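This report describes the fold, the packing and selected local features of a single protein chain. Please consult the sequence and the coordinates alongside the text.

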Amino acid sequence: MNCCANLSNLVIYRALLSDPIVNALRRPKEFFAPELEGLLLVAAEEKGLTGIIPLEYLLSAIVHEQNVFSAVAEKNDGKIGEGLARAAAHDIVIMREFVDDVFNRYKNHPLLGNYTPTVFRPLPGRSKLEKILLHAEGDANGRQAVEILCSYYNDYGYGAMLDNGAFAWNGELECLSGTKNYSDMTFDKLYGYDYQKEELIRNTEAFLEGKPANNVLLFGDRGTGKSSSIKALGNAFFEKGLRMVEVKRHDFAGLPKVMQELSRWGKKIYRCFR
């Protein structure tokens, strides 16, 4: 059975089989199909993919998927049971063969083999994914890949948590929405307030490490760096699992619902009240 057909044996990542692009990639005869090329170009621009677009699309689709493996690993600090680890390894071996096939088919494609999007958006932790799915020497059974992917989900999350460093609570719809075009603010762009910045960083590090940490109240005149400090924190500790949630003053009565929504994630969440 070839790798394209073998994809039907996925257990945990079966949702990939309903992806129209993945299904088209399973049909090698559609290598130059205009319909597939069009779908991949749209995906490249929407997601900011660069390089070998079918490969990059697959890597993104795999780690964005919500399934029992990604959810349990993200929720439990990258720790999963033996049974789930075996099932994940089974799927990784299957996906690895398919990804390798797609890479070899498209690496020299005249349009999709070296594409540059209008706006490039790097996939967080992509080097880890390449190690799992493209350079897997010495890991024929996929068990090392499972450990790396568990670490990936713990660091970056999946789905919305992978795409967004910050969220806003919509009180009317009672849901979180990712903050698009999140600031690129960093602490080295904030001048002055060295003591305050050090205390904020120290307290956040303790929070992320599960040590005693304080609630933080930032106050001061408009333009003194309160919001910028929060944005810098989100960027500095994104890869350690920190995410920001903004709750407006008029939504304070809905805090129990906010907490209920956040409880399904394992990420460390800063609630920012304004």
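## Overall architecture

Among contacts in the protein chain with a separation of 6 or more, 74% are between residues 24 or more positions apart. The model is a predicted one. Its protein chain contains 12 helices and four strands, and the C-alpha trace spans about 65 × 45 × 40 Å along its principal axes. Of the 274 residues of the chain, 45% count as buried.

## Nonpolar cores

The largest nonpolar core has 67 residues, and the members that touch the most other members are Tyr 13, Phe 69, Leu 149 and Tyr 152. Helix α6 supplies the largest share of this core, with 11 residues. Apart from this core lies another, of 11 residues, which includes Ala 166, Phe 187, Leu 233 and Met 244. In soluble globular proteins, nonpolar side chains tend to be buried together.

The surroundings of Tyr 13 include nonpolar core members and other residues. When residues up to four places away in sequence are not counted, Tyr 13 touches Ile 62, Glu 65, Asn 67, Phe 69, Asp 91, Met 95, Leu 149 and Tyr 153. Two of these partners, Phe 69 and Leu 149, are also named among the core members that touch the most others.

## Helix α4 and its crossing with α7

Helix α4 covers residues 53-64 and includes Glu 56. The axis of α4 comes within 11 Å of that of helix α7 (residues 126-133), and the two cross at roughly 100°. At that angle α4 is roughly perpendicular to α7, because angles of 65 to 115 degrees fall in this class. On the α4 side the residues that meet α7 are Leu 55, Glu 56, Leu 59, Ile 62 and Val 63, and their counterparts in α7 are Arg 126, Leu 129 and Leu 133.

Is Glu 56 buried or exposed? Glu 56 has a relative accessible area of 10% and is therefore buried, since the limit for that class is under 20%. Beyond residues up to four places away in sequence, Glu 56 touches Leu 49, Thr 50 and Arg 126. Arg 126 is also one of the α7 residues listed in the meeting of the two helices.

Asn 67 is found in the loop between α4 and α5. Its relative accessibility is 9%, so Asn 67 counts as buried. Leaving aside neighbours within four places in sequence, Asn 67 is in contact with Ile 12 and Tyr 13.

At the start of α5, a side-chain oxygen of Asn 67 comes to within 3.0 Å of the backbone nitrogen of Phe 69. The side chain of Asn 67 reaches the backbone nitrogen of Ser 70 at 2.8 Å.

## The buried face of α5

Which residues of helix α5 (residues 68-75) are buried? They are Phe 69, Ser 70, Ala 73 and Glu 74. Viewed down the axis of α5, these buried residues fall within an arc of 115°, so they line one face of the helix. An α-helix has 3.6 residues a turn, so residues three or four places apart point the same way. The cover over the buried residues of α5 includes α6 (82-106) and α8 (143-156).

Asp 77 follows α5 and has a positive phi, near 55°. This residue, which is not a glycine, lies in the loop between α5 and α6. With a relative accessible area of 47%, Asp 77 is partly exposed. Tyr 193 likewise has a positive phi, near 55°, in a residue other than glycine. Tyr 193 is placed in the loop between β2 (175-178) and α10 (194-208), and its relative accessible area of 46% makes it partly exposed.

Val 245 belongs to strand β3 (residues 242-247) and counts as buried at 1% relative accessibility. Val 245 and Gly 165 are 80 residues apart along the chain, and their C-alpha atoms are separated by 8.9 Å.

Note on methods
Residues numbered from 1 in each chain as written. Predicted model: local features only at pLDDT ≥ 70, side-chain atom pairs only at ≥ 80, totals over all residues. Heavy atoms only, no water. Buried < 20%, exposed > 50% of the residue type's maximum accessible area, 1.4 Å probe, protein only. Contact = heavy atoms within 4.5 Å. Arc of directions from axis to C-beta. Polar contact = N/O pair within 3.5 Å; in protein donor to acceptor, adjacent residues only side chain to side chain. Core = buried A, V, L, I, M, F, W, Y, C linked by side-chain atoms within 4.5 Å. Axes fitted to C-alpha atoms, helices over the stretch in contact; angles between N-to-C directions. Parallel < 35°, antiparallel > 145°, perpendicular 65-115°, else oblique.
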